[in-house]
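Trainee: I have a structure open and some time to go through it. Can we start with a helix?
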Amino acid sequence: MSKLTFSKSVIAGALSFILCTSSPMGYANNDLPDLGTAAVNTFSLEKETEFGDAYMRVIRGSAPMVNDPVLNQYLTELGNKLVAHATGVKTPFYFFLLRNDEINAFAFFGGHVGVHTGLFLNADTESELASVLGHEITHVTQRHLARSLEAQQKSSPATIAGLLGAILLTIASPQAGMAALATTQALATQSKINYTRLHEKEADRIGMQIMVDAGFDPNGAADFFGKLASRYRFTTKPPQMLLTHPLPESRISEARIRAEQYPFRYVPDNLDFQLAKARIQVRFSGYSEQAALSIFEQQLKHSRYTFKSAAEYGKALALFRLKKFAESEAIIDKLLAKSPNNLFYIDTKTDLLHQRHANKEAIALLKAQKQLKPTSPVVNTNLANIYIEDNQIDKAIPLLEDLIFLDKQDQLAYLLLTEAYKKDGNKAMQYFVKAESLALVADYKTAIDQLNFAYRESKGDALQLARIEARIRQFREADRALEKLQ
């Protein structure tokens, strides 16, 4: 898909523009609101949602998003499991994965939580990963960004706007964000730094309670903190996570003391976490095909694994990358015999069947899974893709439309739906869906071009023409907002 590259100034400016053009709002009298409630005086939840949507479009257009249905479904289910035990949830949550080997995770308005693939690569257990997600979820539920603005209540609107853009930049790209913060008055204020530390303490405390309530090991946080501190104690270039989440010794000790206050319970690691980690190692890290294969062959040879099945799965994926499809399929079939409904295995089996053009077998496999998991993005995306390959377009389109209805940010579904309409010869819908996918990355000019093509191909369909005209107007308004930032 076409992507729009944004400069760092535009990223900060886009969010600043939204704040500056919003209606004026009052400020609370207290400097530290309880549980984020007073932050509504700075701007509403509706405004936070607008901020989140704008920033998410910028990220899609400029960052390496991982559009992998299996990993996305795993991350979403893990995140939602934690959110179910959080208090103060006022917006839906959206978890997404970025291809970046740096250890980092970040949260921003509208319930958006981004996770770097490097976090998976450096976490040893699902509880460690859950501890980071719980922390980021708390940043959202406690409205820490809004409260940061609240603390600057005496600043001018322009200064607040610059601060917000810098904060969001710092979350996703610390080096750029810290430079932006240096140009604001906020960085020179010691109280601003202390305020941020209070947020971190609050996120640690509430985040641990969330993960414990969700059934995870509270020691996951201390274990992960300790690992980071040990690994990067003497380095001159700490990971992004330590730039945005400072890790003094007191924070590690507090995490251990807090974990000890919970009753001991044995929490076994989760196979799906280890499968996700193996998938990232093979497909979304810097390892070559042969290096990835060597990792899992050594694990199996020396029994250095948490789950043998995860090591075998990693080996199967590496063999697939090396185009040794028969060897890969033999391993996957063995794994499926033990766990016939595991979506990691189902997805790879589908890929293998596709490689040998066994479409009917793949369709039968996926239809059986759909009976068990009717709304699974993994099952429905794979099934739609096979239907397209098998020229059963009439079956693919409803599946993809359902996926988009459930998740309007599903870029892969838009891509496949565009392909389906192209194969079907429906040019009007092909261009229309393509426009929607371009809007997801804020490429409004190209999206409008696609809508104009769709208009010419609609052949007098009044309802379709009205729909297109409405979207053109909406995209022009959004594009004018971006124009003012150039």
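Predicted model: local features only at pLDDT ≥ 70, side-chain atom pairs only at ≥ 80, totals over all residues.

Trainee: Which residues in α14 are buried?
Mentor: A292, L293, F296 and Q299 are buried in α14.

Trainee: And where do they fall, seen down the axis of α14?
Mentor: Within an arc of 125°, so the buried residues line one face of the helix. An α-helix has 3.6 residues a turn, so residues three or four places apart point the same way.

Trainee: What do the buried residues of α14 pack against?
Mentor: Against α13 (271-283) and α15 (308-321).

Trainee: What comes just after α14?
Mentor: S303, and this residue takes a positive phi of about 55°.

Trainee: OK, strands now. How many residues of β1 are buried?
Mentor: Five of the five residues of strand β1, residues 94-98, so the strand is largely enclosed by the rest of the structure.

Trainee: Which residues are on which side of β1?
Mentor: Y94, F96 and L98 are on one side, F95 and L97 are on the other, and all are buried, so to speak of β1 is to speak of a strand with both faces covered. In a regular strand the side chains alternate between the two faces of the sheet.

Trainee: Which strand does β1 pair with, and in what sense?
Mentor: With β3, residues 112-116, in the parallel sense over five bridges. In that pairing, L97 stands opposite V115 in β3.

Trainee: Changing topic: how many aromatic pairs does the structure hold?
Mentor: The structure holds 12 aromatic pairs. One of them is F106 and F108, which is stacked, at 6.3 Å centre to centre with 15° between the planes.

Trainee: Are those two buried or exposed?
Mentor: F106 has 1% relative accessibility and counts as buried. F108, at 3%, counts as buried too.

Trainee: Which pair is tilted?
Mentor: Y431 and F453 form a tilted pair, because their ring centres are 5.4 Å apart and their planes are at 55°. Y431 lies in helix α22 (residues 427-439) and F453 in helix α23 (residues 444-457), so the pair ties together parts that are 22 residues apart in sequence. F453 counts as partly exposed, at 33% relative accessibility.

Trainee: What about aromatic clusters?
Mentor: Y94, F96, F106 and F108 form one aromatic cluster.

Trainee: Last one: which ring does the charged end of R283 sit over?
Mentor: The ring of F320, 5.9 Å from its centre.

Technical notes:
Residues numbered from 1 in each chain as written. Heavy atoms only, no water. Phe/Tyr/Trp six-rings, centres within 6.5 Å; stacked < 30°, edge-to-face > 60°. Buried < 20%, exposed > 50% of the residue type's maximum accessible area, 1.4 Å probe, protein only. Helix = DSSP H or I, 4+ residues; strand = E, 2+ residues; numbered from the N terminus. Lys NZ or Arg CZ within 6 Å of the ring centre and 35° of its normal. Arc of directions from axis to C-beta. Contact = heavy atoms within 4.5 Å. Pairing = 2+ DSSP bridges.
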